[in-house]
Amino acid sequence: MRKVLVIHYSQTGQLTRITDSIIAPLKQENDIQVDCLTLEPEQSYPFPWPFLRFFHIFPEAVKMTPQALKPIDKTIVNAADEYDLIILSYQVWFLSPSTPISSFLQSDEAKALFKNKAVVTVIGCRGMWLNAQEKVKKLLNSLKANLVDNVALTDDCGAAFSFLATPMWMFTGRKKAYSWLPTAGVSEDDIVNAKRFGLAIKKRLQRDDSLISQPMLKGLGAVKINEKLIASERVGNHSFTIWSKLLTALGPQNSVRRSCGLLVYVVFLLTLILTVVPITALIKKLIAPLTKKRIRAQKEYFAEPSGE
Ligand SMILES: Cc1cc2nc3c(=O)[nH]c(=O)nc-3n(C[C@H](O)[C@H](O)[C@H](O)COP(=O)(O)O)c2cc1C
């Protein structure tokens, strides 16, 4: 019997649907047992998000400050040695893994579960996940886990439109917040087609009983690297690191002092999105002939281990 542990958290249910689509082929098999661990923050996050509340969690998300989670099923932790594979599904919050996920990855339970385990990460986000995955890679490394594959599904409406459509989904609770905005979120087709990853994992699990140490999802289009966003993510991460320290120093979550700082920060963030993102994309395009080799190397690096 092969055993797979699926760990996930989802606010709107989008990541649950992506994960369900991937694990459906595994669940149909008699010789594969799938256990699911759904993380729940002790203090749940609101959805839709009140405008300022959304930004109040920014410093803790960027600094990956652990937040309390509801106790998890101990039988899963006690069976840690039995799992052949862990599927870790997460969404991105402020270029970082969402707080429930980063909190869990820093817990004692994670230490027991992830040690020497093959891991497939599954990301469902607006479109900027490179920096978050670097952070997850570091956490997995410290847990002595072995990342064998990564799937990233991103919002369908394109990088530029999603800068508006996705936050509006978060603030209104509606995927199509206004008639003039495109629909936010990962497309239905992409969610349904994610089944192909489950089929490939199933095939590998049933092939033989050996340890999973190599990618299973190569050639399946598990990720798509938007090279225009590589530089924006680097600049964004840099400024997020500085701002998160500044805002934490101003006061705790929901304090008046942090709220005041956040209003300045939001203006800064909008300026960043409206200037740095298009400018770095344009500069990248202009100097593309000179940087072709470096960009190809960067794309290959970020596409690892599954490849585009
Ligand atoms: C607080 C917050 C910050 C977010 N920041 C990002 C981000 O930096 N990059 C990104 O691609 N998506 C970002 N998103 C979108 C999420 O990754 C995800 O697509 C959306 O929240 C739906 O996920 P769900 O399955 O939890 O409902 C953010 C969402 C929230 C709520």
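Reader: In which crossing does α11 pass α12, right-handed or left-handed?

Author: Right-handed: α11 passes α12 that way. A crossing is right-handed if the near helix is turned clockwise from the far one by less than a right angle, left-handed if anticlockwise. This is a predicted model, where local features need pLDDT of at least 70, side-chain atom pairs count only at pLDDT 80 or more, and totals for chains, interfaces and linings use all residues. Residues are numbered from 1 along each chain as its sequence is written, and side-chain values use heavy atoms, without hydrogens and water.

Reader: Why are α11 and α12 called roughly antiparallel?

Author: Helix α11 (residues 228-250) and helix α12 (residues 256-286) pack at about 165°, with axes 9 Å apart. Angles over 145 degrees count as roughly antiparallel. Therefore the two helices are roughly antiparallel to each other. Their contact has 18 nonpolar, 6 polar and 4 charged residues.

Reader: What makes Ser-239 count as buried?

Author: Its relative accessibility is 10%. Buried means under 20% relative accessible area (1.4 Å probe, protein chains only). So Ser-239 counts as buried. Ser-239 sits in α11 and touches Phe-268 and Leu-272, leaving aside residues up to four places away in sequence. Contact means heavy atoms within 4.5 Å.

Reader: How do you know that β3 and β6 pair?

Author: DSSP must find at least two bridges between two strands. Strand β3 (residues 85-90) and strand β6 (residues 118-125) have 5, in the parallel sense. Leu-88 has Thr-121 in β6 as its bridge partner.

Definitions and conventions
Helices (H or I, at least four residues) and strands (E, at least two) are DSSP runs, numbered from the N terminus. Buried means under 20% relative accessible area, exposed over 50%, partly exposed in between (1.4 Å probe, protein chains only). Axes are lines fitted to C-alpha atoms, for helices over the stretch in contact, and angles run from 0 to 180 degrees between N-to-C directions. Angles under 35 degrees count as roughly parallel, over 145 as roughly antiparallel, 65 to 115 as roughly perpendicular and the rest as oblique. Ala, Val, Leu, Ile, Met, Phe, Trp, Tyr, Cys and Pro count as nonpolar, Asp, Glu, Lys and Arg as charged, and the others, Gly among them, as polar.
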